[in-house]
Amino acid sequence: MKQYVKLDEWRIVEDSFDPHNHEISESLFSIGNGHMGQRANFEEAYSGPSLQGSYVAGVYYPDKTRVGWWKNGYPEYFAKVLNSTNWIGIDIRFGDEQLDLAKCQVTEFRRVLDMKEGHLSRTFVAVFTSGRAVRVEATRFVSIVDKEIGAIRYAITPLNFSSEMTATLYLDADVMNKDANYDEKFWEPVMTDPVSVVVRTRKTEYHLASAMQYDVVRNGEKVAVRPEVAERPKYVGHTLKLDAAQGVTTTLYKYVAQVTSRDHEQDSLLAVAGQVVEAAYAKGFDTLVSEQAEAWAKHWAESDIIIEGDVAAQQAIRFNIFQLNQTYTGHDPQLNIGPKGFTGEKYGGSTYWDTEAYCVPFFMSTAEQHVARQLLVYRHKHLERAKANARKLGFKKGALYPMVTMTGDECHNEWEITFEEIHRNGAIAYAISNYVNYTDDKAYLGEYGFEVLAEISRFWEERVQWTAHKGYVMLGVTGPNEYENNVNNNWYTNRIAAWTLEYTLEVAEYLRENEQERYASLVEKLGLSSAETEKWREIIAKMYYPTDDERGIFLQQDGFLDKDLTPVRELDPSNLPLNQKWSWDRILRSAYIKQADVLQGLFFLGHKYDLETKKRNFDFYEPLTVHESSLSPCVHAIIACELGYREKAYAFYLRTARLDLDNYNNDSEDGLHITSMGGTWMSVVLGFGGLRVAEGKLVLNPFIPGHWKSFSFKVMFRGARLWVAVRQGELVVTNETGTGCTLSVRGTDYQMEGNASLTIPLA
Ligand code: BGC
């Protein structure tokens, strides 16, 4: 754990420059807008270690798979989000000295991510070897109003000298991915003109056009410049010779458009990039900044969480919400949420089960309904690919969704995950039920949901195996806890499989009763037979679940109790993190758990289990869990809240919320854990707020950590937008819309009228 950012309710602040933290900060201070994202690389040159990252959503490269030992069924490629055109570049020189913080002495440094208004700024004083010192103040953002625009204000003041300054503003697409399997460059040149660069990806042929405009301002006046223009394939740069007098500030404004052939006709790209950047230039930096602030204010009005009495907790939840809103907006049906969003290369920018299991609830509750719906439809669009994937692995019917995907194809290439971590299918089914239960959008079931459910159910039907002495078993799987591979009867996988069958039958029944025609046509399209549904009923009735009756717990898998059950707290801390200190063999044989597994099931299917059952399982598994997946602490926080484990709940909350800010897992330099941020949001709203939906009512079961004065959150629920404020001793729910709904608070029902407020005492 490394804690160096300062506590602040609305901002992430770093107030000194330590090159050892540089790559972590490059992740933490990332900016994005759902269309593109930019790590906090410096505008000026930096020769120290850095992960360059400028990403454009949906633009990927299918990098040929590289594995030691090929196994049938492996994917041909791993899709990679691309480090694309460096649009922020501004090179600064005074004579032969180049501004480069790895080579200068940095005497002042402050970096601020302003989450309220959505921009990043940096102020520093750098001293060259010659003793000459400059102050720089830089601000930049990618617009959430015009998604194709990025803008920078870069102000330089010589502090103790006067000289000529050379500034080069450039666009450079001659960039690489750090994770390229064969050290190739993924971009090929298309054309360069004096203000634009057009490149295309190899193989996938996505075109990206970047265009820039700029101004130089001194003493409030635009300075006329005569740039020396360097054009070459994949690069254009404008070099300006400027007078730089001591104490006088020169401000560069750089506006860039990034447009792709995903959104526009390929032939028109150059023209579109020109128009987009021209429009931004015409508005000017200050107007763009204030539009940005206004647009963020709207986001915050819909999704802010306010925690009074705990700055660390407040800052962290805003950071998580900010990053989620920077990553996904629902504007493009082909996009999804990569585990690192636009903040790093790891995980290829692809879609994992993380979306359904951790992110859907945030978007379902804080954005318009179509946003979460879009995430679900995404999987429907991939249904044919998921069926093809099942066939490729030898299944005669059904669909197996990929563990990692960009376009529907499986991209993961480790057998224990690609072939075995099949529980992902369950999360996709679960998200449908979660969404429909929350929104009451039952039309989704007939339009898209049922087909996905039926094909997933068919996969489970074929994947289970009958044994006379146990019933239906599932062999050779990896559960959510990836520190066990190729196990038999992972309780979670068996349970989510049987649950999928139950839910699919329930949906079939609903459609049969309420949408006869559609149901008939779906049955025909799917070729669904009564023999199949009968088989599903039989599997549900006879599914085998490993349990330990003495302890009253579900067993993570067959044979789990043969392991050494020494709790993590008794391990010498020098063993942690296990994934960096232990051999894989030792990890696999141990009882240590990477992330919620049985507990993941008790979280998803919480309404089916009583508190005692949850408690016994939590008390058994939590002491064995090392939380080496970012997805783990949030689930533990939610269950700890339910069980009334106050201190634990708070500790898990901080761990999930500040996972990146405090670098708990020692890997934030790779990028932020964006999908676990959805889990952080859940740990406040579902955990401390105790929010659930049952029988059409919004259930609240709040508990507030002792040292918090209050916490409050916003949720949209079936047309109503509620502001739920929990104080020590009372709950106040305010309906900000005219649509009413029913609340159930600690077992009592309340009618929530439109535009009204309810105060409910909490014992
Ligand atoms: C977790 C998976 C998760 C993936 C991407 C892994 O470390 O074990 O559950 O899907 O990261 O976040």
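Predicted model: local features only at pLDDT ≥ 70, side-chain atom pairs only at ≥ 80, totals over all residues.

Student: Which distances do Glu 482 and Lys 594 have to an oxygen atom of the ligand?

Tutor: For Glu 482, a polar side-chain atom lies 2.9 Å from a ligand oxygen. For Lys 594, the distance is 2.8 Å.

Student: Which residues are around the ligand, and how do they divide?

Tutor: Among them are Pro 339, Tyr 347, Trp 353, Asp 354 and Leu 631. The shell divides into 5 nonpolar, 2 polar and 3 charged residues. Asp 354, Glu 482 and Lys 594 are in that shell, and they count as charged because Asp, Glu and Lys belong to that class.

Student: Let's move to helix 17. Why are its buried residues said to line one face?

Tutor: The buried ones in helix 17 (residues 611–621) are Thr 613, Lys 614, Asn 617, Phe 618, Phe 620 and Tyr 621. Looking down the axis of helix 17, you find its buried residues within an arc of 165°, so they line one face of the helix. Their cover includes strand 25 (553–554), helix 16 (598–604), helix 18 (632–643) and helix 19 (646–657).

Student: Why is Asp 440 called partly exposed?

Tutor: Its relative accessible area is 36%. Buried would need under 20% and exposed over 50%, so Asp 440 falls in between. Asp 440 sits in the loop between helix 9 (424–439) and helix 10 (443–463), and has a positive phi of about 70° although it is not a glycine.

Student: And what makes Asn 486 partly exposed?

Tutor: Here the relative accessible area is 43%. Asn 486 has a positive phi of about 55° without being a glycine, and its loop runs between strand 23 (471–473) and helix 11 (491–514).

Student: One last thing: what kind of peptide bond joins Leu 576 and Pro 577?

Tutor: A cis one, with omega at about -10°. Pro 577 is in the loop between strand 25 and helix 14 (578–581).

Technical notes. Residues numbered from 1 in each chain as written. Heavy atoms only, no water. Near = heavy atom within 4 Å. Polar contact = N/O pair within 3.5 Å; in protein donor to acceptor, adjacent residues only side chain to side chain. Buried < 20%, exposed > 50% of the residue type's maximum accessible area, 1.4 Å probe, protein only. Helix = DSSP H or I, 4+ residues; strand = E, 2+ residues; numbered from the N terminus. Arc of directions from axis to C-beta. Contact = heavy atoms within 4.5 Å.
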